[in-house]
Amino acid sequence: VTIHRGDYAPLEWQIPDIALDFALGVEQTKVSAALSVVRHAAAPAPLLLRGDGLTAAEVRVDGAVWNDWRMDGSDLIVDLGDRTAAVVEVDTVIAPASNTQLMGLYASNNMLCTQCEAEGFRRITFHPDRPDVLSRYKVRMTGDKATFPILLSNGNCVEQGEAGNDHWALWEDPWPKPSYLFALVAGDLVVNRDSFTTMSGREVELGIWVRKGDEARTGHAMKALQDSMAWDERVYGREYDLDLFNIVAVSDFNMGAMENKGLNIFNTRYILADPDTATDVDFDGVEGVVAHEYFHNWSGNRVTCRDWFQLSLKEGFTVFRDQNFSADMGSPPVKRIEDVRLLRAAQFPEDAGPLAHPIRPDSYQEISNFYTATIYNKGAEIIRMMATLLGPERFRKGTDLYFDRHDGEAATCEDFVRAMEEGGDIDLKQFRRWYEQAGTPRLSLTLAQDGDDWSLDIRQAVPPTPGQPDKAPMMMPLRLAAFAMDGSGATLPDTLVTLSGAAQRVPLGRFASRPALSVNRGFSAPVIVDFERAPGELAWLAAHDDDPFARYEALQQLMLDTLVAAASGDTGDTQAVIDAVAQTLAGAAADPAFVAEAVLLPSEAFIGDQMVTVDPDAIRRERLALQAAIGVALESEWRAVLAGAAPPATDLSSKAKGGRRLRGVALAYLAATGQDDVPALAFGIFSGADGMTERQAALATLAHGDSDERAHALDIFYQRYRDNPLVLDKWFQVQAWSLRPDTVDAVKALAQHPDFTLANPNRVRSLYGAFSGNQAAFHQADGAGYRLIADLVIALDPKNPQTAAKMIPPLGRWKRFDEARGAMMRAELERILAQPGLSRDVTEQASKSLAG
Ligand code: ARG
Ligand code: ZN
C-alpha cells in the first residue's frame with residue numbers, strides 16, 4: 001500500500017488523555033490502555049485503532065465490557081455508535097524478549113525499553129498512532145524489584161510503592177504529545193546525576209542511565225547535555241520545560257537515538273565515551289547526537305509534525321541546530337567541511353539514484369525507509385539557505401514566530417516557511433520548490449569578459465529523478481568572491497547573490513586578467529558546481545582564498561580533477577597536487593584540524609560520483625598511486641608530523657583533536673609509500689597510544705597491509721577489548737574497511753566469528769555497513785560483494801526489517817556501473833524480491849532500486 005501526502009485528513013477522534021498500565025515481564029508484558037476519546041467529526045464515525053502484531057484480550061467502554069468491535073487486518077475498529085466521548089479500554093499482551101525488530105517494547109540485555117518513532121506504539125497497544133493525535137499520558141508500571149529496580153517513563157514520577165517482590169511507579173507527563181514520543185524503560189541501571197539551572201532560574205535534574213560499570217564513561221554526554229541546554233537558551237531563546245531530563249543508553253538500537261519527551265533513549269554508541277575506548281570522532285558524535293535529541297524538545301516535541309511527510313520539519317531543522325551547536329563548540333570551518341563531506345557521501349548519491357525523493361516526499365510505503373540523508377541532511381541545508389537569505393536577526397525573528405505560533409501543535413513544513421517569510425519579511429514562493437523537487441541542482445559557470453570588465457554566467461539545472469522528469473529552477477543563496485592572481489590586489493569581496501532563474505549574469509568588477517573565482521563559499525547552497533578551472537587557479541585559491549571552506553574546496557577539486565583524469569585513462573597533474581598539499585601542510589602548526597581535512601584525498605566513492613561510469617578498480621589504483629606519490633614527495637614532512645609527541649588523549653580541544661587527525665593522515669600517506677619501516681612505525685604508535693584515536697588510526701593503517709604487525713595488532717586489540725561491544729565493533733570495522741584484495745572473503749569469515757551477531761544493529765553495521773562503503777571490495781568484479789550483502793538482507797529481514805532495508809541502497813546504484821556489474825546487482829535485487837514473506841521495508845527499497 002502506498003500512502004499519499006495529498007490524502008491527509010484530520011482524524012475524527014482526538015484523545016486528550018491516555019492512561020497506560022504495564023505489568024512488566026521480559027517474556028511477557030501485559031498492557032492495559034485507557035483512551036479518553038472525544039469525537040471531533042459532526043457525524044458518527046467508528047474509532048480506528050492501529051495495531052501491529054497485537055490481539056485484543058478485552059475491550060471496555062466507559063467501564064463495561066464492549067462487544068461492538070472487530071479486527072480489520074491488524075487494526076482494531078471500535079464502533080461507538082453516536083457517542084461523542086468515551087473511555088475506551090483495551091487489554092493486550094506483548095512479548096518483549098521475542099521482539100527482534102527493536103520497534104515497540106523490547107528487551108535488551110535483560111532490560112526493557114521502547115522505540116516508538118515512527119509507528120512502534122501500535123506494537124504496544126492499539127492506537128491511531130499518528131503524530132497529529134496529542135495526549136497527556138499517565139503511565140503506571142509494576143515489575144519485579146530485582147529484575148527491574150529502575151522504572152522510568154516520560155515526565156515526572158508522581159507516586160511509587162512496593163507490593164511483595166514487585167514494585168510500581170506512576171509517571172505523568174503534563175505536556176500533550178504524540179504517541180511516537182512515548183517511552184518506558186525498566187531495568188537494572190545506574191545513573192550519573194547532575195543538574196542544570198534554566199535561564200528563568202528553574203533547577204532541572206539530569207540523569208544519564210547506563211548498565212553498571214559504564215557510568216564512568218558518561219561524563220562527556222552529561223557535559224554535552226548541559227552545553228546544549230545553555231546553547232538553546234542563548235541562540236534560540238528556548239528553555240527546557242520539565243523538572244527532570246533523563247537519558248538511557250541501550251546497546252541494541254536501530255538508529256542513533258530518540259527524543260522521547262523527558263526520556264531520551266540512546267544507542268550506547270552516542271553516550272559512552274572515554275579516551276581509552278572512544279576516538280575523537282566518537283566524542284564528537286556523542287556531543288552532536290546528545291544536542292540533536294535535546295534540541296528536539298522544541299523542534300519536534302513542543303512543535304511536532306502533522307504527518308510523516310513533514311518529517312524534515314523536525315529533522316532537517318534539528319540537524320541544522322545541532323550542526324551550529326557543534327560548530328560553536330569547536331571549529332566552525334572544520335565542522336562545515338565535515339557536514340559537506342557527509343552530504344556528498346550520503347545524500348548526493350541518494351538524490352542521483354532510484355531512491356531519490358524530495359525533502360517532503362509525496363508518497364511512501366514504509367515510513368522507516370524515509371529516515372534518510374535527504375530528509376535529515378539536505379533538509380538541514382534547506383533551513384541553512386533560509387538562514388543565509390534572512391541573516392541572523394531576521395532568521396531568529398522567523399524561528400521565534402514559528403515556535404510561538406505553533407507551540408503545542410502538529411505543524412507542517414509550509415508552516416515553517418510561512419513563519420520565515422513573515423518573520424524575515426521575504427518572499428519565499430519560489431524557494432518552496434526545494435520541498436517539492438528531488439535531485440541535486442547543477443550550476444554551470446562561465447566567465448565572460450568585456451575589456452577589463454568581468455562577469456559570471458550561471459546556468460541552473462535540476463536533473464530528472466524518478467517520477468519527476470521536468471524540473472523548475474530554484475531560489476538559492478550563492479556566496480562568491482573574486483581575486484586578481486596578478487598581485488594587483490583587485491578583488492570582489494564576499495558577495496551574496498540570490499539565484500532564482502535558469503540563467504543569470506553576475507558582474508564581478510574590473511580585473512586586468514582572468515580573476516580567480518571563489519564560488520559557493522561556505523557551501524551556501526547544496527549544489528554541484530561545474531566550472532572549468534586550470535590547476536594553477538585552483539592551487540592559487542587553495543593557498544590564498546580568505547574563506548577556509550573555499551580553500552579546502554579548491555584543493556579537493558584539484559585532487560579530484562587529477563584522480564578522475566587518471567581513472568579515466570588520461571594523465572592528471574600530479575605535481576600541482578603535490579605542490580598544493582605541501583603548501584597547505586606548511587600551515588599545519590597553526591590549524592592542524594583544517595589542514596588534516598584539506599590534505600585528505602577525496603574518497604573512492606566521491607571520485608566515482610564524478611565519472612560517467614564508475615570504475616572501482618581504476619579509482620582504487622589511481623587513488624593509491626596518488627597517495628603514494630604524495631607520500632614519497634613529502635616523506636620528510638609526514639615523518640616530521642609523526643616525530644612530535646601526540647597531544648594527550650585526554651585533551652579534547654579542537655587543536656589537540658586536529659593534531660591527532662593530522663598524525664593519522666600522515667601515517668596513511670607514509671604507509672602508501674610502501675616503505676619497509678612503516679608497519680613497525682604503525683605498530684609502535686598502536687602500542688604506545690594513550691587513547692583510542694591514535695590506536696584506531698594505527699590499527700586501520702596496519703589493516704590495509706599484510707605485515708606480521710597487522711595480525712599481531714588485531715590480536716592484541718581483540719584480546720584487550722573483547723568484552724567491550726562498542727570497541728569490538730571497531731575491530732570488525734577496520735577489517736571490513738581494508739583495502740586488501742581479499743576483503744570480501746575476510747568479511748565472510750568475520751560473519752562466522754563467535755562475536756558476530758545479527759541481533760545487534762551496531763555489530764551488523766560495523767561489519768556489513770563498513771564493507772558496503774568499501775567501494776572496490778563491494779564492487780569486486782565477480783559479484784561476490786553483492787551476493788554477500790543480498791545474503792545478509794535475506795537473513796536479517798525476518799528479524800529486523802528496518803536495519804535490513806538500510807543495507808539495500810548500495811545495490812540500487814547499478815546504473816552507475818558497467819553492464820556486467822549492473823546485471824549482477826540487479827540479479828541480487830531480484831533474488832531478494834523473490835523471497836517469500838518479505839517485509840514492507842525491504843520490498844519497497846528493493847523494488848524501487850530495481851526499477852531505477
Ligand atoms: N527521531 C530520531 C532522531 O533523530 C530518529 C528515530 C528514527 N526511528 C526510526 N524508526 N527510524 O533523531
Ligand atoms: Zn532527529
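How many bridges join strand β2 to strand β3? I looked this up to start my notebook, and nine bridges join β2 (residues 13–23) to β3 (residues 29–39), with the two strands running antiparallel.

**Ground rules.** I am reading a predicted model, where local features need pLDDT of at least 70, side-chain atom pairs count only at pLDDT 80 or more, and totals for chains, interfaces and linings use all residues. Residues are numbered from 1 along each chain as its sequence is written, while chains are lettered from A and ligands numbered from 1 in the order in which they are written. My strands are DSSP runs of E, at least two residues long, numbered from the N terminus, and two of them pair if DSSP finds at least two bridges between them.

**Around β2.** I found A19 opposite A34 in β3. β2 and β3 form a hairpin, with five residues between them. I then turned to β12 (residues 135–144), which pairs with β2 in the parallel sense over seven bridges. Here I18 stands opposite Y137.

**On to β15.** I followed β12 to β15 (residues 166–177) and found antiparallel pairing over nine bridges; K138 has E172 as its bridge partner. β15 also pairs with β14 (residues 156–163), antiparallel over seven bridges, and A163 stands opposite D166. These two strands form a hairpin with two residues between them, and G164 in the turn has a positive phi of about 65 degrees.

**Ligand 1.** Last, I listed what surrounds this ligand, and E117, H292, E315 and Y371 are among the residues there. To be near, a residue needs its C-beta atom, placed from the backbone, within 6 Å.

Conventions
Helix = DSSP H or I, 4+ residues; strand = E, 2+ residues; numbered from the N terminus.
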